[in-house]
Amino acid sequence: MKYNCYLLILLGLFINLNKAYTQNSDPLSLNLYQNKFLEQIKASPQEKIYMHTDRTSYIVGDTLWFKLYLIDAIVHLPSENSRFAYVEMINPIGSIIKRQKIKIGKTDSYGQIGIPSTLPEGNYYLRAYTGTMYEMPHDYFFNKNIYIVNSSSKVKENISYNFEKDKITASFYFTRPDNEEIIPVKEVQISINNDYTKVLNMSKNNAGELSFKIADNNKSRILHLRFDYENISFDKYINIPYPKEEFDVSFFPEGGYLINGADCLVGMKALNTKGISEEVSGYISDNEGNIVLKNVSTLFKGIGSFSLKPEAGRTYYATMINEKNDTSVFTLPKALDNILSISAKWSESKLIVAVNGQKNKPNYNENPMYLLIHSRGIISYMKKWDKNIPSLAFAKKDLPSGILKIILLDSDYNPLSERIVFCINDENKAYSSVNADKQNYNEREQVKLDISIKDKDNNPIKGNLSMSVTDNNYTSVDNNLNILTYILLTSDLRGYIEEPSYYFKKDGQKSLKALDNLMLTQGWTRYDIPQIIKGKIQESSGFIELGQEISGTVKNISQKKAIANSPVRIISFDNTYANETLTDKDGKFSFIGLDFKNNTNFILQAYDTKGSDWVSLSINEDEYPTVDITDLPFINERKVTEHDQNISSIRTIKLSEVYVNAPKINKPESTYSAMADVSFDSKKIEELNATCIHELLRRIPGIRLAGNKVIIRGQSSIYGNSYAAIAIDGVIVDAIDQEGFDEGFDLDIINMPDVERVDIFKGGSTVIWGSRGSKGVISITTKSGNFNFSSIERIRYNTKEIKPLGYTVPKEFYSPKYETKEERESTHVDYRPTLFWQPNINTTNEGNASLSFFTSDSKAEYTVIIQGITEEGIIINEHKVINKR
């Protein structure tokens with residue numbers, strides 16, 4: 001019912017928007033499109049999600065505060081679809097460190113992530129998504145980079161690399177960053193992509209050297225170094241460079257084609273081996289060696305454009321030189337005859353659209369063509385192309401802000417040529433302001449802020465906002481990714497966009513030209529409109545998650561056959577919930593529409609139709625999108641900054657009465673553990689809040705769970721999948737059913753409070769386990785060290801106790817108040833990277849909101865960032881600097 005109401009609202013918006021944008025369109029074509037597009041929305045609804053964080057760099061043990069904005073991908077209004085979203089923190093090697101489920105409401109979609117105190121320093125990723133994005137390309141997910149600092153910032157690593165065929169040799173030593181004094185480290189623990197681990201003894205001159213192999217095209221290139229020395233604990237992820245920094249230039253003719261005899265605009269994009277932009281310049285020549293175009297260069301972030309008029313029978317080449325004076329030659333796309341191509345450009349406040357090549361195409365006037373312009377599926381223009389006019393002009397004020405896709409269609413609605421442009425329409429934007437009650441502030445003084453949101457006619461606008469106030473001494477401001485650049489630009493383009501905020505700068509023609517170059521070279525995401533018009537609806541493998549669910553299967557123990565009409569009971573004392581259902585003909589059951597917080601405990605019991613408990617109950621584990629490190633944007637190696645030095649010192653200042661130091665590298669507790677590829681000790685298990693062994697295993701790249709069996713990638717045999725062995729306290733255990741088949745050991749038997757550590761062996765490290773462990777071993781060490789194996793026989797297979805992932809309960813951000821003289825004169829030192837965080841600000845009917853906070857003891861400037869969306873779907877993005885005396 002709720003979704004049907006949403007569709008009616010969307011249909012009404014379509015009608016209103018089309019009245020505004022399509023007054024000159026063909027009504028029959030427009031109605032055809034509207035009906036087909038609504039069918040598409042029913043089959044595959046899409047959402048956009050944006051994550052506002054309080055800052056972009058953190059110290060281990062800190063708290064990351066965030067607010068989620070979930071909107072419909074078409075009309076940009078708050079989404080009425082998904083009731084839950086997921087937020088994940090991912091380390092540089094692609095392992096999920098934290099996963100949280102967030103309940104989506106109109107104003108309360110926010111939470112916090114506690115950053116584990118044992119994390120290595122390095123670049124991490126935040127990822128957010130909903131059920132509608134499952135199985136979709138990761139371009140549809142929200143991704144953001146953050147940097148996590150630990151005491152490693154007190155050390156400077158000096159690393160050089162030597163590349164010889166497929167072998168890499170890393171030489172390194174460590175110094176103090178302030179005076180370059182060499183630190184006499186004895187030994188260093190080294191890991192390469194989490195697959196290779198070794199303890200390396202340093203030489204007498206305090207240097208180390210290690211050789212290893214990584215394929216040149218392997219995008220996972222992470223070196224992990226750890227050591228302890230006196231009061232220093234160094235633990236850091238470091239990017240391994242490529243052997244040769246080559247670059248490649250791609251060329252994108254406007255409309256998709258170069259046309260002989262026509263003036264053609266060509267976009268160009270230069271990337272290095274890492275996938276990061278490369279600035280290049282050069283010239284264009286033909287196959288006879290004639291230079292036909294000089295001074296061809298990129299304009300911004302490796303992207304540029306040039307004009308070329310190809311001649312029939314000629315091939316064109318681009319000779320490009322990068323900033324390191326490396327030269328490469330590239331062949332341009334072949335120019336064609338008898339082809340049509342869309343051309344579009346902005347001329348002051350109008351968009352001029354033309355069809356290139358129409359004079360040279362035979363039979364040009366015989367068949368009708370259509371011109372379609374849309375933004376995210378909302379039609380701005382759809383009508384037969386008038387072949388008697390050279391071009392059409394569209395007023396910018398009549399076009400929506402965001403990416404416009406211009407498509408030339410034939411009479412059967414097949415696309416002939418496509419072009420995307422970006423529209424910045426000041427007519428449909430909000431005007432926000434943040435005013436402070438003073439120009440300058442002292443330490444521990446109250447700051448009062450007034451927020452105002454108006455439209456272009458100065459009418460008030462209601463909206464929901466979030467605000468962060470950060471100290472510029474401890475964190476730099478991320479001016480690249482914000483709610484405006486994400487929703488209007490990067491969320492509708494394929495691939496990684498560098499510094500998207502640059503394209504919204506008011507610096508004249510350069511940023512506008514750079515924005516148009518970006519449109520020439522980037523691919524489009526979302527719906528395939530020509531296919532929709534032809535009735536080819538795109539199905540989605542995602543789902544709308546309106547409530548939480550627990551499901552599973554009941555089978556006969558002896559014959560492994562599904563049991564129909566089996567009673568299944570569920571009870572939760574944490575949630576004061578109890579219910580019962582029956583299995584279907586396939587033995588499957590589900591409890592839907594649940595609503596529970598994280599760490600809620602459930603007990604499920606199943607019986608056969610006669611009431612016997614001699615049945616096997618299995619619970620379906622939640623499935624989540626995989627992490628492919630190649631889908632995440634490459635981050636250039638980050639140098640230790642003054643902000644890092646300052647933020648890493650905060651913990652010592654604030655806790656002056658307690659000596660704080662990062663944890664030492666614990667020596668493995670057994671010979672087995674020393675050779676393990678991946679380990680979780682009791683402290684790590686507690687920090688991860690792991691409730692079962694499966695949760696730990698799912699965090700490891702290359703491991704897949706199949707029922708009770710564990711499959712380690714790369715450990716299969718010619719007979720198909722081979723399963724890892726399970727060892728408890730050094731003894732490999734098997735679970736044999738009544739017919740003598742190995743059904744896999746049920747890891748749920750192990751109570752997590754009894755577990756001391758879990759070690760995973762794969763590859764060569766499994767040799768210590770003999771032939772039974774040749775396909776990998778999951779070794780579990782209990783705290784008693786003497787597991788009662790006889791208890792396995794007494795397990796009740798009809799009972800399961802689970803703690804599924806529930807939603808995170810938001811906490812309130814603490815901001816101290818200095819209202820009395822005693823509080824202002826307190827000797828307690830106050831240094832806070834985030835001074836104030838408010839994720840839920842609702843403006844009044846007058847478009848106003850007021851907030852206040854107190855300054856700290858820092859003398860640096862503060863940066864205020866306000867982001868949000870109005871009730872009409874208009875984006876708010878405002879920055880302000882607060883000065884200190």
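Which residues do ring pairs link into a cluster?

A: Happy to! This is a predicted model, so local features are described only at pLDDT of at least 70 and side-chain atom pairs only at pLDDT 80 or more, while totals for chains, interfaces and linings use all residues. Residues are numbered from 1 along each chain as its sequence is written, and side-chain values use heavy atoms, with hydrogens and water left out.

The cluster is made of Tyr-86, Tyr-129, Tyr-134, Phe-141, Phe-543 and Tyr-624, joined by ring pairs. Rings of Phe, Tyr and Trp (its six-membered ring) pair if their centres lie within 6.5 Å; planes under 30 degrees apart are stacked, over 60 edge-to-face, and the rest tilted. Across the whole structure, a search gives 29 aromatic pairs.

Strands here are DSSP runs of E with at least two residues, numbered from the N terminus. Buried means under 20% relative accessible area, exposed means over 50%, and partly exposed lies in between (1.4 Å probe, protein chains only).

One side of strand 4 carries Phe-84, Tyr-86, Glu-88 and Ile-90.

Next, meet the neighbours. Two strands pair if DSSP finds at least two bridges between them. Strand 4 pairs with strand 5 (residues 96–103) over seven bridges, in the antiparallel sense. Phe-84 has Lys-103 of strand 5 as its bridge partner. These two strands form a hairpin with five residues between them, and Gly-94 in the turn has a positive phi of about 95°.

Strand 4 is also joined to strand 7 (residues 122–129) by five bridges, and these strands run antiparallel. In that pairing, Val-87 stands opposite Ala-128 of strand 7.

Phe-84 has another contact to look for: the charged end of Lys-101 sits over its ring, 4.9 Å from the centre. A charge sits over a ring if NZ of Lys or CZ of Arg is within 6 Å of the ring centre and within 35 degrees of the ring normal. Elsewhere, Arg-221 lies over the face of Tyr-242, at 4.4 Å from the ring centre.

For a further example of an aromatic pair, turn to Phe-174 and Phe-227. Their ring centres are 4.7 Å apart and their planes meet at 55°, so this pair is tilted. Phe-174 belongs to strand 10 and Phe-227 to strand 14 (residues 222–229), so the pair ties together parts 53 residues apart in sequence. Phe-174 counts as buried at 0% relative accessibility, and Phe-227 counts as buried at 1%.

Strand 10 (residues 167–175) also pairs with strand 13, antiparallel, over six bridges. There, Lys-167 stands opposite Lys-213 of strand 13.

Key
Helices (H or I, at least four residues) and strands (E, at least two) are DSSP runs, numbered from the N terminus.
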